[in-house]
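Hi,

Here is the structure I promised to pass on to you. Have a look at it first, and then read on for my notes.

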Amino acid sequence: MEFFFNLVPLIPLIPLLAFAAIVLFTHRNNRLSSNIAIGGIALSTLVSWGVVLATILAGEHVQVEGWELPIPWLPTGTTVFNTGFAVDGFTAAMLFMVPFVCTMIFIYSQGYMNLGQPNQDPRYARFFAYISLFAAGMLGLVVADNLLLLFISWEVMGLCSYLLIGFWSFRDRDNEQHIDEAQVKRARAAALKAFITTRVGDVLLFSGLALLFSYTGTLTFREIFRPDMLEHLGSISLLGMPAVTVIALLAFGGAVGKSAQFPLHVWLPDAMEGPTPVSALIHAATMVAAGVYLVARMLPLFVAGFETANAPALQWVAVIGAITAFFGATIGLAQDDIKRVLAYSTISQLGYMMMGLGLGSLVAGIFHLLTHAFFKALLFLGSGSVIHGMEHGHHAAGAHGQTSQHDDGFSANDMKTMGGLRHKMPRTFWPYMAGTLALVGIVPFAGFWSKDEILAEAFQRWQESGALGLPFWVWLAGTLGALITALYMGRQIALVFWGEPRHEAATHAHESPNSMTGPLMVLAVFALIGGLANAPFLGSPLHHFMGGVHEASEVVHSATVSFNFAVAGLSTVVALLGLLGGWAIYRNYRAGEVEPFQRWLGPIFTLLRNKYYVDELYQLVIIRPVVWLADQVFNFDNRWVVDPLVNLVGAVGRAAADISLLFDKVAVDSGLVEGTAKAFNAFGGWLRQTQTGRVQNYLLVVAVTVLMLLGLYLYL
Amino acid sequence: MDFPFLTLITFIPLVGAIIASLIPGDREREIKWFSVFVSLIPLVLSIVMWALYVQTDGGMQFMEEAVWIPTLNAYYRMGVDGISIPLVFLTTLLTTLSLFYSAYTIKKRVKEFFVLFLMLEMGMIGVFLSLDLVLFYVFWEIGLVPMFLLIGIWGQPKDRPQYSAIKFFLYTLVGSVAMLLAFIAIFLTTGTWNILEISSLGPLADSPALAVAAFWGIFLAFAIKVPMWPFHTWLPDAHTAAPTAGSVILAGVLLKLGGYGFIRILLPFFPALFKQFAPFIGVIALISMIYGALVSMAQWDLKRLIAYSSVSHMGYFTLGLVAAAATLDVSDPLLTSRAIALSGAVLQMFNHGIITGGLFFLVGVIYERTHTRDLKAFGGLSAKLPVYYGVMMMTGLASLGLPGLAGFISELLVFRGAFHIMPTYAIIGVIAIVLTAAYILWKIIQYVFLGEFSEEKWRAIFDPEHWHFSLDMARFEVITMAPLLFFMLLVGVYPAPILNVINAASTAILGSL
């Protein structure tokens, strides 16, 4: 089985080649293009699972110590920088999930983009090229053995998210009737926002990377995490902290951008402007998982030099995670767009993962990352199926003459236009319920086990410390977050699947094709049983598989938290209450009514609906001032100071021109900088006379002048 | 005697220019394709030379030497090392591409254009190869004249070509004079013009005041050429006015003459002074980076935007250079960091040449069709010109330093060095990276390509009567861009072939200071 490790480079390479093949050769053939993409990712999944199996069979020497393939890449001074690939238990766990979820999303996309239908997307092939590159980026990130390759993959994903979020950011009126103008504008803005916002984080990560590279001379994970290296990094002081902590915080800055943590979370909800499979891709298996992966992979740097319980870098992770988990969830309460609710849910769940990592528990964070990937992909694809059904219902209603085609108020994403869809779309409904229960954390669905592990971890820390310190607040935020999560999901399923249809489109909605519902069912299975991967009553298998990957650093320790019935019981009760409460409140909601939460919460609801006005704040405090500054700097440059000074010098120079022979030859004839119109005319006339022969003469004049000057200086 | 690669590479363009000037002016086709053919010879020679260059040795190779002006003790001395090889290759490549592109787009005074362009090539290559100060200076000045005329004669009337051309000329000349005086002072104390010899002597050691004056004199000449803030205002004017090929060469090669001068002359001549003034020059680098990016963001003229972006991108070069010069410590790990910073700076020059050169070609693509560069006049073009969109996207992404493309590697190396040697500067410098992403994606991609395509708006600017090729990028435009795209990808994915020579030379130069 060890043979499989030699195939590791193929895992990102196959989708990359699929991308290249589509862009260069097959983009005119839609069906072939999507088949190449799907075939590529499926093949990549097979190889990945082979590697996972090999890792399982190989035992501890691979799971903990890792397998590596270094490749010399960059000559740097007297040394050579190696890039390369590595696999350990952690990587293997990711390799089980990432390509598989991607495959499901790819298959689903074929149906979603209406292959072979009259309304097939005109940029169908391009879409599959982009998502292949996206998958290649994520897979490259997972198998990278060094921070640089990780960063390169990371940025490739950033590019793909830009291209895919902005997939509908331009239109061709002749061919693309179904894209409306407002959507074009929104997609354009969302893509830019995603790229620039994550870029802020990326630059922090880049700085951390450069610092780390400077101090250690390497970026290979195994080298960095050697105890002596960590100690060396800890002994350097930078900005009043150990350098290792600064680097960890900078890396975390990157993760905050990529994993949409507060305060750089603003791009993620807008990313909904992309086609729905992209949302699933970004929110589940790839993009946002990258930030969590990064923190988990770099965990020794966060801890180095401190006790796990009071390492400052780690505390930041926990605090930001807790804030994000709670605030993300609250915003989710007040959104009407089915995908936006899920988007804020993603933000919030990513906060849970960061909380887990921030408590120093690698496995708790990653376990939740894995289960979340499955059930969130399921929920997004399910919401896409609902939207797809609603769009078809809308068209069907238009065809029946019951509503006009250009019903401007209608949005297929608006939950308040839905209702009663459980009868119309049963094959979407049941998997969606599985995803909901997993997200909310009901026994025995996957999310229950993984979320509980994080809360149990926090709870135990709190008990150990005995004070109302950080672990307590983390636990409280997590538990309250769980309640709110359950509430907004109850609200969502009630609005979408229960009640009466609130719009013609919902009345005429129908089930999506099998290529869409099939992946939903497969993912639903994982949402149901995924928790077994690390269930305490099975002896926490995931823990034994990947818990030890940071042991060699001697700073991160893996200890299992025993299952805590009090914590699990409380969070289950909270989840059930929330889910049933939300469902009961919204079950009979009718179109046009003021919704219950709005009635009860008043201005708070408005605050939540407007996402705490963070976007407006950034617009006011950052974007506008920067644009203003740019304009002022330009004025300074061109109009007020720099260039006028140059012109002034030019004018003075003209006055003094006849002092110098050189100036005389070149300048006086032709008039000096910012000369009068007269001077321009004179120059123009002179220029017009210029012939090739004259040019050569002219050159000669300059050369001779130079030499004469030289001679003058020499022999004087 | 060995094969005289350097002489041939330098003077074949001159021979070509003379022959071309003998062809009757009305035989435009012959003149055009003859010039393109001539420019291929130095290109091929520079590739062969690169292949033959012994990479393990970072020093000068293919050296040629002959007495030139005995009374002045001036020699004809030429040589290449790992710093100049990529730049010579860049020059020959961009010249060939520019001539090829111009063969389709230049309509007026064809003969003069191609003759001047070949002479320009000779001047630029000569600067990169000279190892004698007099020779260096002569080539430096020779390059100035053809470019002056290219801007003045072939510039668009509405862009004030005369003003721009004179501004370019005078600005550079002011620097040249200061440099010349410094060279003479150095000659008077050392008795030689030999660049390598002066480097090892350490000129003007016993008259510190004069040394400082000479340092700043030379600094001024190169700083204007690079250009560094605040000596950069000739650049946007010159770029805007110049014809496409002129802008390509201006950004792609002429700015590198200044950068090359810093590494070949100023740093080896005055390492101690460079170290002393490094904090100050570092500030200039930061201002150039951030200020240039901000001003780019404020532009509505596509070409002017890219011109200002050069100020910002060459600021990265300066930062790398300053980081390498900010200490004289030659023990590891500092030497490694310095070598990385210097290699990054040199690679940044190469990358800027192919990327920004490419961007100027791409401005030409849209300008030839619409005769406007106003960003507000476009919109939604990605639907009409998908190939153009793809090529611009890739070039723009390379420019904003996306990993996997060329720009990233040099930025990484520059910052890798700078973070070790001058961390405060590096931390401020990274702001420019975010701003760059903003102006490329917001101003260029969004305004030109995204949004809704408006037939009405397009008809107002597009004039099919004056455009005889396909609406999307024509074949000759694709052929022009293809080598540049290839190098963006190659350097981004596997930089070793180029970086090996650069790295060997940087290490050697820093070791010998």
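Below is what turned up in it, from whole chains down to single residues.

First, some ground rules. This is a predicted model, in which local features need pLDDT of at least 70 and side-chain atom pairs count only at pLDDT 80 or more, while totals for chains, interfaces and linings use all residues. Residues are numbered from 1 along each chain as its sequence is written, chains are lettered from A and ligands numbered from 1 in the order in which they are written, and side-chain values use heavy atoms, with hydrogens and water left out.

**The two chains**

Chain A has 32 helices and five strands, and chain B has 21 helices and three strands. Helices (H or I, at least four residues) and strands (E, at least two) are DSSP runs, numbered from the N terminus. Chain B has a radius of gyration of 22 Å, close to the 24 Å that the globule rule gives for 513 residues, so it is as compact as a globular protein of that length. That radius is taken over C-alpha atoms, and the rule is 2.2 Å times the number of residues to the power 0.38. The C-alpha trace of chain B spans about 70 × 55 × 40 Å along its principal axes.

How much of each chain is buried? In chain A the share is 63% of 716 residues, and in chain B 73% of 513. Buried means under 20% relative accessible area, exposed over 50%, and partly exposed in between (1.4 Å probe, protein chains only). Contacts count as heavy atoms within 4.5 Å. Among those between residues at least 6 apart in sequence, 78% in chain A join residues at least 24 apart; for chain B the figure is 81%.

**The cores**

A nonpolar core is a set of buried Ala, Val, Leu, Ile, Met, Phe, Trp, Tyr and Cys residues joined through side-chain atoms within 4.5 Å. The largest one holds 460 residues, and those touching the most other members are M94(A), M298(A), L301(A), L421(A), F262(B), F270(B) and F415(B). Helix 13 of chain B (residues 334–370) gives this core its largest share, 19 residues. Leaving aside neighbours within four places in sequence, F415(B) has contacts that include F206(A) and A210(A), as well as M289(B) and Y316(B). A second, separate core has 19 residues, among them A364(A) and F472(A).

**Backbone details**

Most residues other than glycine have a negative phi, and most peptide bonds are trans. Here are some places to check against that.

- The peptide bond from F262(A) to P263(A) is cis, with omega near 5°; P263(A) sits in the loop between helix 10 (243–258) and helix 11 (267–270) of chain A.
- A260(A), in the loop between helix 10 and helix 11 of chain A, has a positive phi near 50° and is buried, with a relative accessible area of 0%.
- W229(B) and P230(B) are also joined by a cis peptide bond, with omega about 5°.
- L204(B) has a positive phi near 55° and is buried at 4% relative accessibility.

**Around strand 1 of chain B**

Q61(B) is in strand 1 of chain B and is buried, at 11% relative accessibility. P70(B), in the loop between strand 1 (61–69) and strand 2 (74–80) of chain B, is exposed at 62%.

Happy browsing!
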